[in-house]
Amino acid sequence: MISRVFHGWERRLAAGSDDRVVRGFEWGLEWLGQTDGHGDSSACAHLQRWADEAVASSETFYRLEPCDDYTLAGPLLSFPSAVRTPHASNDTVRARYFPERSAEGKRRAVLVLPQWNADAEGHVGLCRLLNRFRISALRLSLPYHDERMPAELRRADYIVSSNLGRTVVACRQAVLDARRAIAWLSRQGYESIGILGTSLGSCLSMLTAAHEPLVKAAALNHISPYFADVVWNGLSTEHVRRTLEGRIDLDRLRRIWMPISPYPYLERLAGKRVLLVYAAYDLTFPVHLSRFLVSEFQRRGVDHELTVLPCGHYTTGVTPFKWIDGLALCRFLSKSL
């Protein structure tokens with residue numbers, strides 16, 4: 001009975017976002033600098049080989065070039081992205097800084113990555129809650145969000161879409177943007193740095209924590225081992241699956257999107273403090289995926305803590321669940337940094 005109540009609530013909240021656009025399928029080889037694709041079978045095989053190589057050499061795939069061009073204007077930080085895309089507005093990274101003024105707060109900071117399609121105010125309340133715990137926060141706008149969104153978009157479709165190559169590039173861009181933001185925090189004198197991500201931001205936060213030595217703790221809010229499985233099975237991405245079906249199956253899609261999935265990199269989190277959070281009635285990050293990721297942490301002996309929220313994905317943002325979630329995240333980071 002409780003499941004039916006929450007699942008119905010989740011579907012009603014999801015239906016409120018009625019501006020989703022069903023876009024055409026594209027292999028997106030050109031986004032990856034690839035040209036050896038003639039027909040669907042050739043393009044798919046080429047992308048799978050490319051993805052295998054990217055996972056095997058993830059240090060190279062997520063390698064970061066240093067940056068000295070940071071601009072802080074009041075609370076707003078901007079700097080050039082390490083990735084260049086066809087959309088100029090997307091290539092300047094935007095972030096909002098919430099410094100905690102006490103001496104203790106200067107030592108600790110958290111980079112915050114909101115969910116897919118969060119507006120400019122998304123997770124601002126969470127940043128201010130971190131300040132209450134004497135932790136500074138830097139809220140990052142993801143690629144194709146907020147001021148980074150091209151004029152032709154109304155939603156941040158280009159970071160999760162049926163263009164396979166573009167999705168990989170946009171998510172890699174988010175990880176490199178996050179690493180540059182963390183480098184800026186380190187330059188400000190923060191000695192203990194964490195990362196907090198929600199939904200898509202959780203996936204990107206895990207990828208960042210796995211490849212950024214400066215990250216000491218990661219609070220991962222809504223979790224899955226595979227990027228593709230969430231898109232294929234999740235409530236929020238049903239419109240994307242409608243385009244994918246008939247052009248590619250889940251197994252091949254999972255392999256192509258493995259470089260932007262947490263699963264291959266779990267051992268790289270060893271030695272860091274990790275909080276895994278999932279919601280018991282989630283239809284967007286299906287619960288069986290979240291539980292499988294937790295079991296993989298356990299099987300591989302990667303230390304972690306676990307919080308299970310008594311709600312769904314969308315209802316996490318509703319009182320009282322947003323307070324249960326926010327306090328769990330902030331308390332974990334406060335004790336871990």
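**A strand covered on both faces**

Tutor: Strand E5 has both of its faces covered: Ser 136, Leu 138 and Leu 140 on one side, and Ala 137 and Arg 139 on the other, are all buried. Buried means under 20% relative accessible area, exposed over 50%, and partly exposed in between, with a 1.4 Å probe and protein chains only. Strands (E, at least two residues) and helices (H or I, at least four) are DSSP runs numbered from the N terminus. This is a predicted model, where local features need pLDDT of at least 70, side-chain atom pairs count only at pLDDT 80 or more, and totals for chains, interfaces and linings use all residues. Residues are numbered from 1 along each chain as its sequence is written, and side-chain values use heavy atoms, with hydrogens and water left out.

Student: Why is E5 largely enclosed by the rest of the structure?

Tutor: In a regular strand the side chains alternate between the two faces of the sheet. Here 5 of the 5 residues of E5 (residues 136–140) are buried, so the strand is largely enclosed.

Student: Which strands pair with E5?

Tutor: Two strands pair if DSSP finds at least two bridges between them. E3 pairs with E5 in the antiparallel sense over 4 bridges, and Arg 96 stands opposite Arg 139 of E5. E4 (residues 108–113) pairs with E5 in the parallel sense, also over 4 bridges, with Leu 138 as the bridge partner of Leu 111.

Student: And how do I read the empty space?

Tutor: Rolling a probe the size of a water molecule over the atoms shows where empty space is left. On a 1 Å grid over the protein atoms alone, a cavity is a set of points where a 1.4 Å probe fits but cannot get out, while a pocket is an open set with protein on both sides within 12 Å along at least five of seven lines; lining residues have an atom within 4 Å of a point. The largest pocket holds about 1,100 Å³ of space. Of its 44 lining residues, Gln 115, His 123, Thr 198, His 313 and Gly 317 are the closest to the centre.

Student: Which helix gives the most to that lining?

Tutor: H12 does, with 5 residues.

Student: How many cavities of 30 Å³ or more does a search of the whole structure find?

Tutor: The search finds 1, and the space in this largest cavity is about 60 Å³. Its lining includes Val 21, Arg 23, Asp 157 and His 239.

Notes. Points joined across faces, edges and corners; volume = space filled by probe spheres on them.
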